[in-house]
Amino acid sequence: MSTRIALTRADWLAVILALALLPALYLRYWGDAGPATAVRISASGQPDITVPLSSNRRFTIHGPLGDSVIEIRDGRVRFVSSPCRGKECIHSGWLAHAGELAACLPNGVMVSVLGRDRRYDSINF
Amino acid sequence: MSTTVTTTRHDHRIAWLTALGITIHIAESVLPSPLPGVKPGLANVVTVVALLEYGWATAAWVALLRVLIGSLLIGTFLSPTFILSLAGAVASLTVLRLASWLPGRGFGPVGYCLVAAMAHMAAQFLTAYTVFIPHDGLFHLLPVLMTAAVLFGLVSGAVSHLALQHLRQRGALTP
């Protein structure tokens, strides 16, 4: 019994297209999310605030535990202070790239950096 | 009053092929998978062999019956798994139908399995994104899922090719 596996012309075409599609998918969905353009601050029970990343200002968001202070400066954003216990939000440091997130879950505040591609949806508390 | 249902050879053939597909499907379901949706999909071999030997209509019956009965036996009927399975089956059957219209020699088993696997995975992903998890982060999985689809599509294509060759040489496929 012969064990050669013969592929037709159409088969080869399909294989080539499939193998060409794969790297395109990796580039598109694993690659750079594009330049960061804006910051979205989401807090539970309040409408989202979206501001350009170029603005140099601070926001004070009132949450159930108290006030979280968020600073945007030099194209980066971070949590400055928050009334939570663990301070993981502050420890996330400066966010500068599209798709990056920092959140203070106990206080219900989330900061996300937006870019050209809508990589991540917002999280609802 | 009694009623008799006469079954045809066609019915029997579909029943045998479906039973074979279900067996492979269930046997495969015990294998752990690293990611939901990543599985060898070897039951598709039966579908593609049926397609090449007996035509699309038979293949469609076999595939759809397998999804239905397989889900009843495993216990996932009408669950999200079933919805995804059905979406994948419908999409891959549609693509197989379209592919079979290709003029000339057309596709062989490898080509059919490859395009069916990719259509299956793409449809499942789209269904999962639209119906169950409308979160953009899901797209991070797409390249990995499609890689698995291409890989396992080629493997099941090779298996289909060898199976068909073997069956034809033995004269095991009755008209």
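Where in chain B is the place of L78(B)? The legends below take up this residue and several others. This is a predicted model, in which local features need pLDDT of at least 70 and side-chain atom pairs count only at pLDDT 80 or more, while totals for chains, interfaces and linings use all residues. Residues are numbered from 1 along each chain as its sequence is written, and chains are lettered from A and ligands numbered from 1 in the order in which they are written.

**View 1. L78(B) in its loop.** L78(B) is found in the loop between α3 and α4 (80–100) of chain B, where helices (H or I, at least four residues) and strands (E, at least two) are DSSP runs, numbered from the N terminus. The phi of L78(B) is near 65°, a positive value in a residue other than glycine. Most residues other than glycine have a negative phi. L78(B) counts as exposed because it has 10 C-beta neighbours inside 10 Å; a residue is buried if 20 or more other C-beta atoms lie within 10 Å of its own, exposed if 12 or fewer, and partly exposed in between, with C-beta atoms placed from the backbone.

**View 2. K87(A) in a loop of chain A.** K87(A) lies between β5 (76–81) and α2 (88–91) of chain A, in the loop that joins them. Although K87(A) is not a glycine, it has a positive phi of about 55°. With 13 other C-beta atoms within 10 Å, K87(A) is partly exposed.

**View 3. L73(B) and its contacts.** L73(B) belongs to helix α3 (residues 56–74) of chain B, and L73(B) is partly exposed because 13 other C-beta atoms lie within 10 Å. Not counting residues up to four places away in sequence, L73(B) touches I22(B) and I26(B), where two residues are in contact if their C-beta atoms, placed from the backbone, lie within 7 Å. L73(B) and I22(B) are 51 residues apart in sequence, yet 9.1 Å apart in space, C-alpha to C-alpha.

**View 4. The helices of chain B.** The secondary structure of chain B comes to 6 helices and 0 strands. Buried residues account for 38% of the 175 residues in chain B. Among contacts in chain B between residues at least 6 apart in sequence, 75% join residues at least 24 apart.

**View 5. Where chain A touches chain B.** Here 22 residues of chain A are in contact with 25 residues of chain B.
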